Amino acid sequence: MKLTEKIQDLNDAGISQHRRKLDFVAAGLSDPEGIISKLRKFQVAIPSWALGTGGTRFGRFSGGGEPRNLEEKIADVGVLHALNRSGGSISLHIPWDIPGNAEEIRAHAASWGLRFDAVNSNTFQDQAGQALSYKFGSLHHVDKSVREQAVQHNIEVIRQGERLGSKALSVWLSDGSNFPGQLNFRSAFENTLESLQQIYAALPADWQVWVEYKPFEPNFYSTTIGDWGQSLLLANKLGPKAATLVDLGHHLPNTNIEQIVSLLLMEGKLAGFHFNDSKYGDDDLTVGCINPYQLFLIFSELVEGMDVRKMDHASAIGWMIDASHNVKDPIEDLLQSVEAIKIAYAQALLVNRTELQAAQQENDAVRCQEILQDAYRTDVRPLVAEARLREEGALDPVQAFRKLGIRQELIRDRGSDTVATGL
Ligand code: AFD
Ligand code: MN
Ligand code: MN
């Protein structure tokens, strides 16, 4: 029996209760069908590196049955997408994912209903046989030949992405410094800009380059693209095909991310997101597990800003998860993350914009909060579930994943290397 048929069989048991919940929440909304339609279109790109246990520098504890190659990573995203019908694309990390025969890889992905999203370059590690080291950075390096090597790697990643149908290069640079005086900040920025301009010149006409920022880690005194201002400065200097990528875990505690998002949207320079959640820093935790209200506030600014600019919610910017799992089953964690994103999006769609604008004009802070939190406190899960059902997905993806024994099957097929590696 096909996976989709097994999923439908499982759904039968919960359908009547679901319908009751859906009728209840829909009765209180002006356009439930409009929200369900937007939810069906809304897809989240799954990072190839999140299908296995990530680990930290203190150790990695594999849960077993993890993918051993790109084909198996694609199959895992295919299983996720069959369950939630919302993970319709995969984002590769090169050279961790080397797509040997691009045609075969594209066909394999298409058989699961998947396409390829942004491709990620990697100049934060030295690869076997690499001529020059990135120990002191890559695109910002004081040695032009190191910069050149990193530029060529990024151009190669673009070429690989072209073969797969990707349309964006996502660049995160770990370049920075650990000690005061180690770097000339101006030269580091100028070197980075000059390197990115060479990469930008190699972009196909219909591509974008997404410039990610991060305040610290692995460098702990400065990061050359450390905040949204530095990323936006580079994106503006590069040109219309460059934009800023917002990774939720890349902000110092208590940063107002929703304000950053609103202004990047205003400038037409919001490339998209790496969704995750964090308590202290780049903890790469499950989306919405720590601060679901912040996620809602971000989506509220997104819906407002995209509607002002008449942008298509599903396709105008990149929606992608970037998280690393240490104790959860990677597929279960990703299912939870996608669910949290769609819940926040649905809640943001409920905000009464006309009333909010009127309350803002009257400086009625109490009324503004009431309007926002009325949307946030609406249980939209039946709407999210209905959107999944209409796309032949699972009523409850995590429960379906467990009841179908998918992980056990993967362990049988791939083995369970539960090797805990230390420092
Ligand atoms: C790490 C970095 C950054 C990057 C990701 C994939 O912090 O978020 O986008 O790896 O390269 O999480
Ligand atoms: Mn990221
Ligand atoms: Mn990160």
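Me: How many Å separate an oxygen atom of ligand 1 from an N or O atom in the side chain of D247?
Reply: This is a predicted model, in which local features need pLDDT of at least 70, side-chain atom pairs count only at pLDDT 80 or more, and totals for chains, interfaces and linings use all residues. Side-chain values use heavy atoms, without hydrogens and water. For the side chain of D247, the distance from an N or O atom to an oxygen atom of ligand 1 is 3.1 Å.

Me: Which side chain has an N or O atom 2.7 Å from an oxygen atom of ligand 1?
Reply: The side chain of H250 has an N or O atom at 3.1 Å from a ligand 1 oxygen. At 2.7 Å from an oxygen atom of the ligand, the residue is E212.

Me: What percentage of the area that ligand 1 exposes when taken alone does the protein bury?
Reply: Accessible areas come from the Shrake-Rupley method with a 1.4 Å probe. Alone, ligand 1 exposes 300 Å², and the share buried by the protein is 90%.

Me: How many charged residues does the shell around ligand 1 have?
Reply: Residues around the ligand (a heavy atom within 4 Å) include W49, F124, K214 and D322. Asp, Glu, Lys and Arg count as charged. Besides three nonpolar and three polar residues, the shell has charged residues numbering six.

Me: Which residue meets K214 in a salt bridge?
Reply: A salt bridge is a side-chain nitrogen of Lys or Arg within 4 Å of a carboxyl oxygen of Asp or Glu. Across the whole structure, 22 are found. With an N to O distance of 2.7 Å, the partner of K214 is D282.

Me: Is D117 buried or exposed?
Reply: D117 and R115 join their side chains in a salt bridge at 3.6 Å, N to O. Buried means under 20% relative accessible area, exposed over 50%, and partly exposed in between (1.4 Å probe, protein chains only). R115 is partly exposed because its relative accessibility is 49%. At 13% relative accessibility, D117 is buried.

Methods. Residues are numbered from 1 along each chain as its sequence is written. Chains are lettered from A and ligands numbered from 1 in the order in which they are written. A polar contact is a pair of N or O atoms within 3.5 Å; within protein, one must be able to donate a hydrogen and the other to accept it, and residues adjacent in sequence count only if both atoms are side-chain atoms.
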